[in-house]
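This report considers charged side-chain pairs and a surface patch in a protein model. The sequence and structure are shown first.

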Amino acid sequence: MENVPRKKSRRALKKQTVLALLAIAAVAIAVAAHALQGQPELPGLEPWPEPVMLLTGDKESISSLTVAPREGAACLLVRGEGGFLLAGGENMPLRESIVNEMLAVAEYLQAENTILAPEEWDADKVNLADFGLDNPWVRLEIAYENGSRVEARFGNEAPNETPQRYCLVSGVPGLYTALTAETDVFFYDLDALRAFDQPELDASLLDRIDVSGSVTLGMYYTPSGWYMDAPRHYPLRAAGVEALLNHISAMAFDSCLGEADDLDLSAYGLAEPALTVRLTQAATVISGETTEGEPVSVPVAETEYSLLLGDETGRSGVYLLWEGRVFKASNFLLGFWKELNPEDLLLQSPINFPINDLTRVSLQAPGVEAAYHITMVESVTPDNRIATDEYGRILYDCEVTREGENSPMDAQAFLDWYVALAALSPDGRLPKGYQVSGEPRAAVLLSNDHVNRTVALYPYDALHDAISVDGEALWFVSRSWLDGVLDTP
């Protein structure tokens with residue numbers, strides 16, 4: 001652990017030093033004043049222009065917001081006792097985050113650029129269609145408790161490096177642009193206002209993932225890594241699985257369309273979904289503290305989640321069914337399911353167990369048969385104490401015994417040989433549907449407390465062997481690899 005650097009303390013200056021510094025400063029000022037004599041006066045700086053405010057006011061005085069998009073249904077938000085409600089849908093809870101964002105923009109929206117200043121503005125001479133403002137993409141009307149109203153129109157995107165949109169606001173003469181990052185809140189459709197709970201999945205607790213439809217995948221967790229069991233049985237590479245789990249943990253939805261029982265699922269492609277995903281979360285225990293500070297643990301039973309993916313929304317999104325409700329989600333966060341390629345998850349280096357996750361390793365080849373038992377024993381210091389790291393965790397040493405012998409062997413010799421075994425990496429992919437036949441040239445058997453794996457090499461051509469993992473052959477390797485591991489310790 002690195003030491004945290006301390007701030008250096010400042011030493012107090014002696015009185016004589018302070019006086020000397022003051023004298024030097026006085027001389028410097030006098031020299032600077034003399035140098036400036038006779039120089040022309042610098043022109044005054046132009047005052048910074050006042051920003052043009054398109055929308056301004058106290059959001060607490062807003063009584064209603066009407067948002068009318070060019071496409072889609074308009075909505076009227078009215079202030080109620082507990083906040084804003086959707087007119088005609090008073091029983092539907094709203095997403096406070098979106099409503100608050102709308103109010104914040106309605107209270108303060110600054111123009112980014114001036115297209116036509118007030119003195120240049122003539123509504124009769126400006127072709128609003130050129131800016132998408134004759135039939136705006138969104139029309140916003142803000143009503144205040146004092147009876148006043150303001151209308152804002154948001155039109156086409158302006159050709160600026162920073163995304164902006166043309167704006168026209170009643171009571172503010174001129175034509176302006178505003179940042180789309182601020183105006184986009186009014187581009188949510190009506191469904192986006194419905195409150196809902198985002199999925200909260202801890203993908204590290206998943207035991208199993210099943211996908212069917214346009215993609216077929218079955219995979220399950222073991223303490224020694226994930227395995228695929230559909231469309232084939234094969235170990236999976238850790239990096240690929242980790243990326244998939246991260247995508248699952250990051251799943252989020254844009255809007256909720258309602259309860260599945262109240263909707264026509266065929267309208268969203270969910271009666272016959274493109275993909276059906278089932279996620280099985282392992283039983284676990286949630287630990288925490290009571291309000292009195294006492295520790296408490298709550299067991300959570302195994303849980304299965306169901307996700308159905310349907311049609312595209314037409315706006316870079318997808319319809320989906322999750323836990324009995326229909327949602328819309330962006331392809332940015334959910335599209336990974338439809339892009340999933342099970343072949344990308346396959347493990348290419350099958351001898352990948354770390355030493356501390358092995359109990360037995362053997363090699364069988366013509367004229368060679370060697371097996372080794374591995375155990376991890378507590379490391380002992382020279383003064384006969386159990387060795388620990390800087391965090392107090394016990395350190396372990398690898399103890400290896402060759403089968404048929406009574407005493408441990410040189411562990412380093414075994415480790416060097418195992419490193420050579422683990423270097424097995426394919427040179428290419430076998431033809432689709434290839435099946436091995438005959439007797440293997442060699443077989444490596446790997447065992448631990450959770451799985452047994454057999455990696456066998458079969459003749460493929462004059463220069464290569466086919467790599468079979470538990471009977472499934474997908475890759476080939478140069479025959480020279482085997483020659484480098486036949487000399488067993």
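## The pair E141 and R149

E141 and R149 form a salt bridge in which the closest N and O atoms are 2.6 Å apart. This description refers to a predicted model. E141 counts as partly exposed because its relative accessibility is 30%, whereas R149, at 54%, counts as exposed.

## Salt bridges between separate elements

A salt bridge also joins E259 to R325, with 3.2 Å between the closest N and O atoms. E259 belongs to strand β15 (residues 255–259) and R325 to strand β21 (residues 325–330), so this pair ties together parts that are 66 residues apart in sequence. Both side chains fall in the partly exposed class: E259 has a relative accessibility of 38%, and R325 has a relative accessible area of 23%.

D465 and R479 meet through their side chains in a salt bridge of 3.3 Å, N to O. Since D465 lies in strand β28 (residues 464–469) and R479 in the loop between β29 (472–478) and α7 (480–483), the pair ties together parts 14 residues apart in sequence. D465 is buried, at 0% relative accessibility, while R479 is partly exposed, at 26%.

## Total and network

The structure contains 16 salt bridges. R232, E343, R429 and E472 are linked in a network of such contacts.

## A nonpolar surface patch

Which residues form a nonpolar patch on the surface? The patch consists of M376, I386, I394 and Y396, which together have about 350 Å² of accessible area. Within this group, I386 is located in the loop between β23 (368–378) and β24 (396–402). I386 counts as partly exposed, with 44% relative accessibility.

Notes. Residues are numbered from 1 along each chain as its sequence is written. This is a predicted model: local features need pLDDT of at least 70, side-chain atom pairs count only at pLDDT 80 or more; totals for chains, interfaces and linings use all residues. Side-chain values use heavy atoms; hydrogens and water are left out. Patches are made of residues with over 30% relative accessible area and no salt bridge: like charges are joined within 9 Å, nonpolar side chains (Val, Leu, Ile, Met, Phe, Trp, Tyr) within 5 Å. Accessible areas come from the Shrake-Rupley method with a 1.4 Å probe; for residues, only the protein chains shown count as cover. A salt bridge is a side-chain nitrogen of Lys or Arg within 4 Å of a carboxyl oxygen of Asp or Glu. Helices (H or I, at least four residues) and strands (E, at least two) are DSSP runs, numbered from the N terminus. Buried means under 20% relative accessible area, exposed over 50%, partly exposed in between (1.4 Å probe, protein chains only).
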